[in-house]
Amino acid sequence: MFPHAICLVMVWSSFTKSESAWYPESKANDVSNLLHVVTDLTAQLEELKHDREKDVTELSLLKAENMRFKERMEMETNYLRQRVTQLESSAQQAMPLLNQTRINRQSATTDKGHTAFYAILDQPLHAPPDGTTIKFSRVITNVGNGYKANSGVFTCTASGLYYFSWSVGEVNHGHIYSELKKNGMAVGWALSGDNTIASATSQSVILHLETGEEVDIVITYTGNSPVLWEKFSSFSGFLIV
């Protein structure tokens, strides 16, 4: 039996050596594979971290750009609001002038070749001095825009034959001597006033005028501190032909 025991010992010894050589190699491969996996995961994690940092940076830039955009839009909006307010204010200020210009243009277009005016006093005129041009300031009709209320003068805009009429009312028992003047020369006369009651006198003339010639009513003499009666004092005229 001894030889058989020796054989078993030899076989066992051989098996033990071969087992001890195979086992460490298998473990080493597993460890190596695990290291590769960990390395790959680490690399992917680093890439993800890099991408996230990049996204965070881009998001910060977008937020900053959005903030600048909002600020710029707010500034532009405020500027536009101010401009709208200025334009509305300018439009309101210009509206009366535009309306008057429109009226003048319509009058010039519609009434081309026609001239007529009618104006009255809008308040009493107390003791006017001699040489006063009566300014009939309340204009009722002014076709052709020849009469100017601020001066009391009618300026001919179309040559032709004209009819003029004026009346002067007196309410303070005084006397008023008035003249219709063409280019400063008297061509019509009227005397108004009564010692006991208010009165009014009317007069009329027919004149041939050339473009640019002027007609007005001038007070040349007064007595007893007269007061012109606004309700009965007027000046009118129109182109006949």
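Modeller: Here is the core, with the chain around it.

This is a predicted model, where local features need pLDDT of at least 70, side-chain atom pairs count only at pLDDT 80 or more, and totals for chains, interfaces and linings use all residues. Residues are numbered from 1 along each chain as its sequence is written, and side-chain values use heavy atoms, with hydrogens and water left out.

The protein chain has 1 helix and 13 strands (DSSP runs: H or I of at least four residues, E of at least two, numbered from the N terminus). Of the 241 residues, 22% are buried (under 20% relative accessible area, 1.4 Å probe, protein chains only; exposed is over 50%, partly exposed in between).

Now the core. The largest nonpolar core holds 24 residues (buried Ala, Val, Leu, Ile, Met, Phe, Trp, Tyr and Cys joined through side-chain atoms within 4.5 Å). F154, F164, L180 and F235 have the most contacts inside it. Elements giving two or more residues include strand 1 (116-120), strand 8 (175-182) and strand 13 (234-239). Strand 7 gives the largest share, 4 residues.

Take F154. Beyond its neighbours within four places in sequence, F154 is in contact with residues including F117, Y147, Y162, F164, L209 and V215 (contact: heavy atoms within 4.5 Å). T115, G146, E213 and E214 are also among the contacts of F154.

For contrast, turn to I206. This residue lies in strand 10. I206 counts as exposed because its relative accessibility is 53%.
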